[in-house]
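Here are my notes on the model you asked about. Have the structure open while you read, and click through the residues as they come up.

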Amino acid sequence: MSVATSPLNFGAMTEVFQFLMEIDKLKSVQRRTKVLGTERQENSAEHSWHFAVAALSLAPFAPEGVDINKVIRIALIHDIVEIDAGDVIVYDLAARAAVHDQEVIAAKRLFGLLPAPLSTQFLDLWNEYEAGETPEARFALVIDRVMPMVMNLNNQGQSWVENNIRLEQVLARNSFIAEIHPELWLHIRSHLDNAHQQGWLK
């Protein structure tokens with residue numbers, strides 16, 4: 001059981017450290033995908049780290065003009081709202097629509113813990129990702145969607161099997177990747193067809 005304590009004084013940095021302690025809660029938000037080779041579900045903080053490293057690693061393959069440093073920043077903050085709103089599987093469209101307003105409120109609360117201008121910068125970055133219109137937001141979304149698929153492809157379709165996900169659902173939610181990164185989508189689509197044949201996708 002946690003006990004509420006007065007915030008430690010770090011002078012002008014106090015609000016930043018309060019924010020950092022608050023976002024530690026992201027480590028407790030469980031996702032559907034299990035850590036490879038284990039029976040443990042990954043948490044949203046681990047996913048964000050994996051996403052950020054993926055962005056850095058895929059930088060040579062990013063579409064021309066993409067600011068990969070901004071993509072990494074998006075990766076690190078994109079799921080912080082799940083501290084308040086929780087994680088919702090991407091294929092549950094009704095739940096995704098229902099949680100949107102909660103995520104907006106969460107973003108304002110959590111990023112509002114930071115001092116200005118950081119609070120505005122973080123909120124603007126989160127909103128940019130949600131809007132999905134800039135090259136960086138679009139490439140970030142590609143990676144955010146690809147990583148769970150690749151995890152499943154290396155884990156015998158674990159979360160697909162456990163949640164009765166169909167190939168048609170995966171294609172419907174992810175085929176936009178073909179427009180942003182055609183080469184990557186060709187590989188992913190081939191692996192998805194194979195997963196279907198293996199019975200990992202219905």
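How do the residues lining the largest pocket divide into nonpolar, polar and charged? Keep that in mind as you read point 1, and remember throughout that this is a predicted model.

1. **What the pocket is lined with.** The lining of the largest pocket splits into 13 nonpolar, 8 polar and 11 charged residues. The pocket itself has a volume of about 720 Å³. If you want to find its centre, look for V88, V90, R96, D144 and R145, which are the closest to it among the 32 lining residues.

2. **Who supplies the lining.** Several elements give two or more residues each: β1 (30-34), α5 (93-111), α6 (118-131), α7, α8 and α9. Which of the elements gives the most? That would be α7, with 7 residues.

3. **A look at α9.** Helix α9 covers residues 167-174, and L167, Q169, V170, L171 and N174 in it are buried. What do those buried residues pack against? Their partners are α7 (135-153), α8 (158-162), α10 (177-180) and α11 (182-198). Note that α7 and α8 turn up here as well as in the pocket lining, where α9 is listed too.

4. UniProt, in an unreviewed entry, puts the feature "domain: HD/PDEase" at residues 40-158. In the model, that span is 68% helix and 3% strand, and its end C-alpha atoms lie 12 Å apart.

5. **A salt bridge between a buried and an exposed residue.** The search of the whole structure turns up 14 salt bridges. Take K34 and E39: their closest N and O atoms are 3.0 Å apart. Is K34 buried or exposed? K34 counts as buried because its relative accessibility is 14%, under the 20% cut-off. E39, on the other hand, is exposed, since its relative accessible area of 69% is over 50%.

6. **A salt bridge across the chain.** K70 pairs with E128, with 3.1 Å between the closest N and O atoms. This one links distant parts of the chain: K70 sits in helix α3 (residues 68-77) and E128 in helix α6, 58 residues apart. K70 is partly exposed at 21% relative accessible area, while E128 counts as buried at 17%. Why do the two get separate labels?

7. **One serine to click on.** S44 lies in helix α2 (residues 44-57). At 0% relative accessibility, S44 counts as buried. Which residues does S44 touch, leaving aside those up to four places away in sequence? The list is L26, V29, R31 and E82.

Definitions and conventions:
Residues are numbered from 1 along each chain as its sequence is written. This is a predicted model: local features need pLDDT of at least 70, side-chain atom pairs count only at pLDDT 80 or more; totals for chains, interfaces and linings use all residues. Side-chain values use heavy atoms; hydrogens and water are left out. Buried means under 20% relative accessible area, exposed over 50%, partly exposed in between (1.4 Å probe, protein chains only). Helices (H or I, at least four residues) and strands (E, at least two) are DSSP runs, numbered from the N terminus. Contact means heavy atoms within 4.5 Å. On a 1 Å grid over the protein atoms alone, a cavity is a set of points where a 1.4 Å probe fits but cannot get out, and a pocket is an open set with protein on both sides within 12 Å along at least five of seven lines; lining residues have an atom within 4 Å of a point. Grid points are joined across faces, edges and corners, and a volume is the space filled by probe spheres set on the points. Ala, Val, Leu, Ile, Met, Phe, Trp, Tyr, Cys and Pro count as nonpolar, Asp, Glu, Lys and Arg as charged, and the others, Gly among them, as polar. UniProt positions are given in the numbering used here, feature names are shortened, and annotations may be inferred rather than shown by experiment. A salt bridge is a side-chain nitrogen of Lys or Arg within 4 Å of a carboxyl oxygen of Asp or Glu.
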